[in-house]
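Please read this briefing with the sequence and the structure side by side. The points are grouped by topic.

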Amino acid sequence: MLKNRQKQVIEALLFLSEEPVSTERIAEVLAIAKEESEQLMKELIADFTSEERGIMIFPVAGGYQMGTLPALAEDLEKAFTEEVSSNLSTAALEVMAIVAYKQPVTRIEIESIRGVRSEYVIDNLLKRKLIRVSGRKEGPGRPLLYCTTVDFLQYFGLKDLEDLPVLEETNVDEYSSQEVEKSKDISH
Amino acid sequence: MEIAEYKIKLPVFEGPFDLLFHLIKKAELDIWSVSIAEITAQYLDYLRAMEELNLDIASEFLVMAATLLRLKSKMLLPRTPLSNADEEEEELFEINTAEELFLRLEEYRQFKEIGHYLKEREQEQQKIYLRSTGGQKVMVLTRQESVYTIWEGAHHLSDIMNRFTEIARKEEYMPVFQAVEDFMLTDKTAYILDSLNRSKQVMPMRSFVRKEGLWEVIITFVALLEMARQRIVMLLQDSSFSTIYVTLLEVSPDKEKEIAEKQTKASN
């Protein structure tokens with residue numbers, strides 16, 4: 001199959017799909033190697049960029065998806081009314097962050113990090129399919145374990161979980177020495 | 001005379017850690033260089049302000065206040081060699097030393113920051129519009145394993161169960177259930193009742209199955225179970241997996257009327 005024709009197929013696939021399409025899937029459709037489909041995808045993305053199209057192809061949730069340029073949002077909103085999807089609350093974003101890094105994680109573990117009860121927020125995230133129940137933790141009460149979903153990656157435009165920023169290491173030693181000083185201050 | 005209205009704006013906090021974190025930031029201090037005594041005083045000031053404004057103080061905030069006070073008193077008092085284990089029990093925060101408190105605060109701070117980061121990603125992502133067919137899929141990418149199709153070509157319930165457990169065992173499994181067909185159980189119940197009334201005979205369950213397909217069998221079976229529960233019909237079966245026969249139970253005219261009323265109500 002001609003290379004141009006292969007790129008056309010990829011473009012059409014992305015156009016039709018409402019979900020991210022993996023390069024594995026494309027390789028299957030075109031009966032080519034995965035590396036080849038990745039190469040074609042790179043070229044197609046470059047084509048879109050160089051031609052300054054209104055549509056772009058971007059990596060998300062382990063695949064690729066077609067979407068409009070973020071810069072066009074304002075103009076597009078004049079033509080289309082958006083389905084009202086409420087943004088996540090600060091509490092929801094905090095819980096989301098904890099689940100993303102600590103998964104699989106129980107409700108109690110989430111609440112102990114946040115210092116507040118979070119049942120309602122967890123229920124909301126479950127309803128929005130941004131988190132899911134992945135099983136139960138062994139131990140007393142066998143509490144439910146939560147982890148993130150593919151929808152989570154899509155919602156935040158993440159390629160995969162590795163795409164999240166790295167958590168800083170907390171330096172405990174540094175703190176301990178300071179604290180000794182401070183407790184002396186208080187007692188005097 | 002008009003009552004002067006005081007408008008004091010208190011920031012809303014997600015929880016006690018959020019408030020503590022805010023107090024530390026306000027004092028332009030590093031988490032590790034905060035004195036417990038100072039932070040406790042400020043924390044209690046804030047709670048008092050809330051009280052004056054007649055705001056509900058969530059119990060978590062009070063638990064934290066108690067935790068802070070205990071930490072403070074511990075630092076002031078000489079350490080007793082005998083520690084009472086029962087005393088250390090805490091519900092939401094298991095914080096027994098200042099070090100633990102600051103570690104927990106630091107952990108919270110990190111996730112709060114990640115929350116901010118996610119907020120930015122959310123906003124950025126919401127500027128990208130994706131193709132949508134308004135829920136009506138024009139073309140669905142064929143997947144190798146799909147929960148949508150696990151009942152296709154299945155002849156027995158066990159076929160579906162086997163396929164289901166196979167998929168469910170995989171890690172990436174996420175159940176997605178969609179109603180395949182709209183159906184009305186009441187329609188089925190009415191049909192069964194009507195058929196039995198007309199024939200005045202014992203009828204096999206099969207005779208109520210009007211359409212092809214597993215769903216129809218399921219609906220018929222559920223309808224019969226419900227009718228048996230309500231003592232409208234009796235189900236008879238010789239042995240497991242043999243034909244199920246259905247017969248009307250003796251129904252008094254009053255009862256019959258009641259059922260008929262229920263049916264019309266349900267179908268309205």
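**Chain B as a whole**
- Chain B has 268 residues, and 18% of them are buried.
- Taking the contacts in chain B with a separation of 6 or more, 56% are between residues 24 or more positions apart.

**Chain A as a whole**
- Chain A contains 9 helices and 5 strands.
- Their order along the sequence is α-α-α-β-β-α-α-β-α-α-β-β-α-α.
- Chain A has 188 residues, of which 28% count as buried.
- For contacts in chain A between residues at least 6 apart in sequence, 46% link residues that are at least 24 apart.

- F111(B) lies in helix α4 of chain B, which spans residues 98-125.
- Is F111(B) buried or exposed? F111(B) counts as buried because it has 24 C-beta neighbours inside 10 Å, and the cut-off for a buried residue is 20 or more.
- Apart from neighbours within four places in sequence, F111(B) makes contact with E94(A), A97(A), I98(A) and I113(A).

**Two helices of chain A**
- Helix α1 (residues 3-16) and helix α2 (residues 23-30) of chain A have axes that come within 11 Å and cross at roughly 130 degrees.
- Because of this angle, α1(A) is oblique to α2(A).
- The crossing of α1(A) and α2(A) is right-handed.
- Which residues make the contact? From α1(A) they are Q6(A), V9(A), I10(A) and L13(A), and from α2(A) they are I26(A), V29(A) and L30(A).
- Sorted by type, the residues of the contact of α1(A) with α2(A) are 6 nonpolar, 1 polar and no charged.

**Confidence in chain A**
- The mean pLDDT of chain A is 83, and 87% of the residues of chain A reach 70 or more.
- In residues 172-188 of chain A the pLDDT is below 50.
- Leaving out near neighbours in sequence, the stretch 172-188 of chain A has 19 contacts in the model.
- Where pLDDT is low, predicted coordinates should not be read in detail.

Key. Residues numbered from 1 in each chain as written. Chains lettered and ligands numbered in written order. Predicted model: local features only at pLDDT ≥ 70, side-chain atom pairs only at ≥ 80, totals over all residues. Axes fitted to C-alpha atoms, helices over the stretch in contact; angles between N-to-C directions. Helix = DSSP H or I, 4+ residues; strand = E, 2+ residues; numbered from the N terminus. Parallel < 35°, antiparallel > 145°, perpendicular 65-115°, else oblique. Left-handed = near helix turned anticlockwise from the far one by under 90°. Contact = placed C-beta atoms within 7 Å. Nonpolar A, V, L, I, M, F, W, Y, C, P; charged D, E, K, R; others polar. pLDDT = per-residue confidence, 0-100. Buried ≥ 20, exposed ≤ 12 C-beta atoms within 10 Å, placed from the backbone.
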